[in-house]
Amino acid sequence: MSKKIFRSIIAVATVVLLASLFIASSFLYDFFNKSQVTQLKEELSLVAANVDKSGTEYFDNFDSSVFRFTLVSAEGTVLYDSQANARDMENHLEREEIAEALKKGKGSSARYSSTLTERTFYEAIRLKNGDVLRISVSQVTVGALIIGMLPAISAIILISSVVAFLLSHKMANDIVKPLNELDLENPSKNETYEELAPILTKLNKQHKQITKQVQELRQKSDEFEQITASMNEGLVLLDKKGIVLSINAAAKMLFSADETAVGRDFLTLDRSIDMSHAVEKALGGKRAEFREERNGREYQFVINRTESDGKTVGIVILCFDVTETAFAERNRKEFTANVSHELKTPLQSIIGSAELLENGLVKPEDTKRFVGNIKNEATRLVSLINDIIRLSQLDEDLEPATEAVDLYDVANEVVEELNVSATKKQVELHLHGESCIMNGIRRYLYEIIYNLCDNAIRYNKEGGKVTVDLKNKNGSIILSVSDTGIGIPAEHQSRIFERFYRVDKSHSKETGGTGLGLSIVKHAVVYHRGTIKLDSKIGKGTTVTIEF
Amino acid sequence: MRSRFDEQLSLLNKKMIGMGAECESIIALSAKALLEGNVANARKVKEQGHTIDQMEREIEAICLKLLLQQQPVAKDLRVISAALKMITDMERIGDQAEDIAEIITFLNGKTGEECHDIRLMAEATIKMVTDSIDAYVNQDLKLAKSVFDHDDIVDDAFDRVKQTLIKLIAENTANGEYALDLLMIAKYFERIGDHAVNIAEWVEFSVTGIHKGE
């Protein structure tokens with residue numbers, strides 16, 4: 001801007017300078033001409049008066065370096081010339097000024113020289129004796145004058161341009177200075193040209209608006225940051241080239257990344273082939289989802305693109321830890337399969353027997369056995385369904401009222417009830433220990449002891465022993481059920497508390513049982529915030545210790 | 001001009017990481033096929049080997065294009081020439097994983113469980129390849145050096161495998177063919193370890209400009 005102002009000032013100055021030079025010189029030249037003609041006339045009349053008085057002798061001691069005098073007779077013959085020999089000169093009668101003077105008494109004319117560099121003014125007057133006296137002066141023309149004045153003009157132009165340059169430079173800077181010194185952070189506080197006021201007001205308004213918006217954005221990004229930081233799920237944002245824009249704490253853990261991950265290619269964090277394919281698919285506009293193991297846990301990755309105006313602007317990667325869910329899913333599938341199998345087997349047996357009876361294929365003496373069979377299977381079904389109902393009650397966490405229960409009483413009750421079956425299997429069942437009172441649900445606690453003792457008897461050898469022991473220790477109650485039975489192989493020990501899990505895969509009916517007993521025990525113990533410990537050796541026996 | 005160059009370099013980097021991931025996956029797959037005696041997995045290895053070959057050619061083309069069109073100098077030149085060398089090693093890893101998978105199809109579902117060290121070798125080589133690719137991705141000299149050290153574990157395990165297999169044949173000569181197959185597999189794992197070391201050396205070269213072999 002200051003350059004433009006500077007250029008304009010220089011241009012104006014140049015135009016003014018040249019115009020004034022031209023006008024002034026043409027006025028001066030005109031004035032100069034007029035005054036010269038006047039002077040010429042005065043000189044002529046002065047000399048004419050003298051010549052009238054003293055004749056041509058006057059010229060003898062006349063010094064005329066400036067003017068040229070010529071005396072011409074009435075016939076046109078040159079009588080005298082102050083700068084040339086009169087005798088060599090031609091007849092002057094034809095000359096304009098002389099002819100005019102002879103006629104009117106006075107004459108004048110001006111003529112250019114042949115080179116045009118000089119202009120000569122002539123003035124003539126008729127003397128009393130009839131002769132004509134002429135005076136003339138030569139003068140340089142405008143062109144020659146200008147050429148002659150060129151050095152002076154150039155000097156003037158040079159000096160004035162330097163002055164103009166300096167002045168206009170300073171002026172331009174002075175004009176622009178307030179603009180340069182505008183405080184754009186606080187537009188309303190400036191005192192400057194009033195022409196700028198509307199712009200500054202607008203600027204002020206926009207400034208405020210922008211500050212507000214930036215603040216809002218920052219607040220939003222802070223909120224986003226806080227939400228993502230406290231998220232358990234991993235969240236990674238990528239731009240459309242796959243560069244990481246943001247990564248939250250959970251995702252950093254998952255991809256073992258740190259702060260430097262932002263700005264790097266996501267491939268440097270995770271180069272799994274499935275992941276690259278999923279990201280590519282998401283860039284193509286399709287949601288991608290896959291499960292993969294990372295650091296020993298199972299994760300579900302959901303990859304989606306983010307859009308703005310229908311264009312892909314980036315990728316969002318969400319990572320869920322689904323280890324527990326996957327485990328539960330597997331368990332549920334297994335449970336469903338098991339339940340169906342367990343329910344179907346007795347039913348098949350019942351249907352088979354019933355069909356035989358229906359078709360009269362059973363001998364009368366066998367009828368009783370078949371009906372007994374049907375009854376046994378039906379009983380098994382009922383006990384199975386009862387077990388499932390109990391389990392689902394425990395699952396649902398229905399909270400029956402708790403009461404003070406003496407475990408010793410409960411155990412005693414169990415021992416009395418199971419004595420019959422123990423005797424049948426020729427197993428000795430003993431109860432040791434002391435009265436242990438705890439807060440709990442009597443029915444559940446009964447189930448725990450019943451199921452443990454039932455198993456201990458069921459999977460025992462003939463002549464084996466089952467011992468229930470109860471004691472108080474450091475404020476907690478320790479219940480242990482040990483047997484001298486067949487024991488549980490080590491590889492099965494971690495799974496026996498699962499529903500329907502059986503060490504003996506054939507699910508043989510030989511020993512009976514539904515496969516749900518230990519599962520019920522586990523649930524009931526967990527319900528009472530207890531812990532179970534299993535200690536078993538094949539062929540030697542098993543001890544289950546529960547601590548409340 | 002430079003930005004286009006940078007773009008091409010980052011594309012090269014991406015492709016290299018992608019090829020590294022394929023290598024990791026292919027040896028993990030062939031090791032899994034061995035441990036599970038799974039012939040179906042062994043077949044998958046072959047397909048993946050094909051992908052690796054294609055990626056090698058693709059990366060080669062990118063490198064040559066960069067060299068011809070951009071005439072890189074100093075570090076850029078090192079990175080590109082190291083990439084050219086590394087893809088050869090990666091391609092060899094892919095080939096050897098394929099070879100392992102091919103032998104597995106002859107084992108008739110046997111899993112080499114007589115020879116515990118072969119499993120150890122598989123795990124160790126997978127770790128070496130993963131580490132060498134990680135070293136490339138993060139330009140991590142320390143990790144690259146750890147790959148060199150890890151090679152000793154593989155070499156020691158290979159010696160032990162030989163001893164075990166000699167015993168296996170001595171016990172029963174009928175085991176001869178099986179033992180030789182296992183020996184081949186062990187040798188391939190050992191070679192894969194060497195290639196991982198090569199990759200780590202080229203990573204070191206591309207960072208420092210000094211190659212260990214010098």
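The model is a predicted one, so local features need pLDDT of at least 70 and side-chain atom pairs count only at pLDDT 80 or more, while totals for chains, interfaces and linings use all residues. Residues are numbered from 1 along each chain as its sequence is written, and chains are lettered from A and ligands numbered from 1 in the order in which they are written.

Read from the N terminus, the elements go α-α-α-α-α-α. Of the 214 residues in chain B, 42% are buried; a residue counts as buried if 20 or more other C-beta atoms, placed from the backbone, lie within 10 Å of its own, as exposed if 12 or fewer do, and as partly exposed in between. Among the contacts in chain B with a separation of 6 or more, 79% join residues 24 or more positions apart, a contact being two residues whose C-beta atoms, placed from the backbone, lie within 7 Å.

Helix H6(B) covers residues 176-208, 33 residues in total, and its first and last C-alpha atoms are 48 Å apart. That is close to the 48 Å expected at 1.5 Å a residue, the expected span being 1.5 Å times one less than the number of residues. Just past the end of H6(B), Gly209(B) has a positive phi of about 85°. Helix H5(B), residues 141-171, packs against H6(B) at an angle of about 170°, with the axes 9 Å apart. Axes here are lines fitted to C-alpha atoms, for helices over the stretch in contact, and angles between N-to-C directions run from 0 to 180 degrees. The two helices are therefore roughly antiparallel, the word used for angles over 145 degrees. Their contact is made up of 20 nonpolar, two polar and four charged residues; Ala, Val, Leu, Ile, Met, Phe, Trp, Tyr, Cys and Pro count as nonpolar, Asp, Glu, Lys and Arg as charged, and the others, Gly among them, as polar.

What about the two chains together? Nine residues from chain B and seven residues from chain A make the contact. On the chain B side, H1(B) (2-36) and H4(B) (116-138) each supply at least two residues, and H1(B) gives the largest share, seven residues.

Turning to chain A, five strands make an open sheet in the order S7-S6-S10-S9-S8, with antiparallel pairing; strands pair if DSSP finds at least two bridges between them. S7(A) (244-247) and S8(A) (288-294) stand at the edges with a single partner each, so one side of each has no neighbour in the sheet. Within this sheet, neighbouring strands are turned by 20° against each other on average, direction ignored. S6(A) (234-239) and S10(A) (311-321) share six bridges, and Asp239(A) has Gly314(A) as its bridge partner.

Further along, S17(A) (541-547) joins S15(A) (476-483) through five bridges and S16(A) (531-537) through seven. S16(A) and S17(A) form a hairpin with three residues between them. Finally, Arg502(A) sits in the loop between H11(A) (490-493) and H12(A) (517-527) and is partly exposed, with 18 other C-beta atoms within 10 Å.

Technical notes. Helices (H or I, at least four residues) and strands (E, at least two) are DSSP runs, numbered from the N terminus. Angles under 35 degrees count as roughly parallel, over 145 as roughly antiparallel, 65 to 115 as roughly perpendicular and the rest as oblique.
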